[in-house]
Amino acid sequence: MIALVDCNNFYVSCERVFRPDLRNTPCVVLSNNDGCVIARSNEAKALGIKMGAPFFQIRGLLEENGVAVFSSNYILYGDMSRRVMTLLSAYTPKLDIYSIDEAFMDFSGMGTAEQLLPYARDMVRFVTKGTGIPISLGIAPTRTLAKMASKFAKKYKGYHSVCMIDTDEKREKALKLFDIADVWGIGRRISVRLKSIGVETAWDFVQKSESWVRKELTVTGLRTWKELQGESCISVEELPNKKSICTSRSFPDSGLNSLDVLEEAVANFAAHCSRKLKEDSSVCGAMTVFAYTSRFRNDLPSDYLQANVYFPVPTNNVMELVSGAVRILREKWHSGTDGYFYKKAGVIVWDICSDSAVQGDLFDSVDRAKRSALTKAIDEINRKNGFNSVRMAVQGYDMKWKMKSEHVSKRFTTNINEIIDVHLD
């Protein structure tokens, strides 16, 4: 049996851990620069607030209904995710983290269905009590069915946060109740095509023949079809790796028109890409840097900067990525002009492969062993003293390009200067 753990309304739940007074109050979390809604509490959903709704359009609705608004605080969310995953790891010999708020757990050989159900409910109580984050758990013979079961566990209170699909009768009932558009592995375009021919539910889908599925949806769709039949054929290791990683930001107000400030922003974006590559145990062979002005400001001159850099040896080294990004920006910058206000900039690393399969270069001029030792020392310092304690000078400290975050909460779990204040009367 395989379990899928899903943290309920994760970003909102993270905020509520340190704001228990908001436990029954509608809450939303906004995207970068307070742009649009990316997370909603159940109370906010009941008010009709849509995912992706622009903040400026619904500000009045939020104020009228007393909705608590938070700017995204990814440092807090990342640390809370780490805590949840650490507690989960005590309950299974194999934990596969799928996303910031989801993880697959292998329950093979850990008992019968009757034994697993109380075990799973105990785990839900333990994690919720230990972190304050409510979780839902779906258990089934395949990952696709486990994802489906977790949806039922979250939606129906009668399951007490744990839903198990362990018989053909339960599987058939679940498939008949599950919209085809919500099936893991069925994208929006495919679901539209399937519904146009009468496939409304997951049950309708499994009634199609294997040959038809293979012809119409290729091998990927066939795997989903088999998983819904109860045949496990998808592993986390087989899921496609990231083809690229992008870190970009929109800048507040008119944007940035200073090379120094834009350099600082781009350097930090490149450093973030380096960190993501290391977390994924991967390296990149190429990088793209871009910056462009607002498309909606007809009163200002428009411009678009973009260029690529190719690394002779694939890398995730922060020094190589930062220096390459800054060099590109300086080469493409229009010197002597201050008329361009760049509204958005970013760094994309691509041509990604595993860091265990790096092809060297006979004429490589970099001392890789020495640079690796230096990077390891820097990473160790940052682990002990906090992210970016040691950084490239060009990354700066002023953060003049900082995003608009008028409703951001404190980093309660990672910054001692932002811990909860307690006042005694």
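**A walk around helix 7**

At 0% relative accessibility, Leu-175 counts as buried. This is a predicted model, in which local features need pLDDT of at least 70, side-chain atom pairs count only at pLDDT 80 or more, and totals for chains, interfaces and linings use all residues. Residues are numbered from 1 along each chain as its sequence is written, and side-chain values use heavy atoms, leaving out hydrogens and water.

Visitor: Is Leu-175 buried or exposed?
Guide: The cut-offs are under 20% relative accessible area for buried, over 50% for exposed, and partly exposed in between (1.4 Å probe, protein chains only). Leu-175 has 0% relative accessibility, so this residue counts as buried.

Visitor: Which element holds Leu-175?
Guide: Helices here are DSSP runs of H or I with at least four residues, and strands are runs of E with at least two, both numbered from the N terminus. By that count the protein has 13 helices and 12 strands. Leu-175 belongs to helix 7.

Visitor: Why do the buried residues of helix 7 line one face?
Guide: Helix 7 spans residues 168-177, and its buried residues are Arg-171, Ala-174 and Leu-175. They line one face because, seen down the helix axis, they fall within an arc of 100° (taken from the directions from the axis to the C-beta atoms).

Visitor: Which residues are exposed on the other side of helix 7?
Guide: The buried set is Arg-171, Ala-174 and Leu-175. Across from them, the exposed residues are Glu-169, Lys-173 and Leu-177.

Visitor: What covers the buried residues of helix 7?
Guide: Contact means heavy atoms within 4.5 Å. Not counting residues up to four places away in sequence, Leu-175 touches Leu-145, Met-148, Thr-201, Ala-202, Trp-203, Val-206 and Leu-228. The cover over the buried residues of the helix includes helix 6 (143-155), helix 9 (202-206) and helix 10 (210-228).

Visitor: Where is Thr-218, with its positive phi?
Guide: Thr-218 is not a glycine, yet its phi is near 60°. At 46% relative accessibility, this residue counts as partly exposed. Its place is in helix 10.

Visitor: Is His-160 buried or exposed?
Guide: His-160 sits in the loop between helix 6 and strand 8 (162-164). Its phi is positive, about 55°, although this residue is not a glycine. With 56% relative accessibility, His-160 counts as exposed.

Visitor: What share of the 425 residues in the protein is buried?
Guide: The C-alpha atoms fill a box of roughly 70 × 70 × 45 Å along the principal axes. Of the 425 residues, the buried share is 44%.
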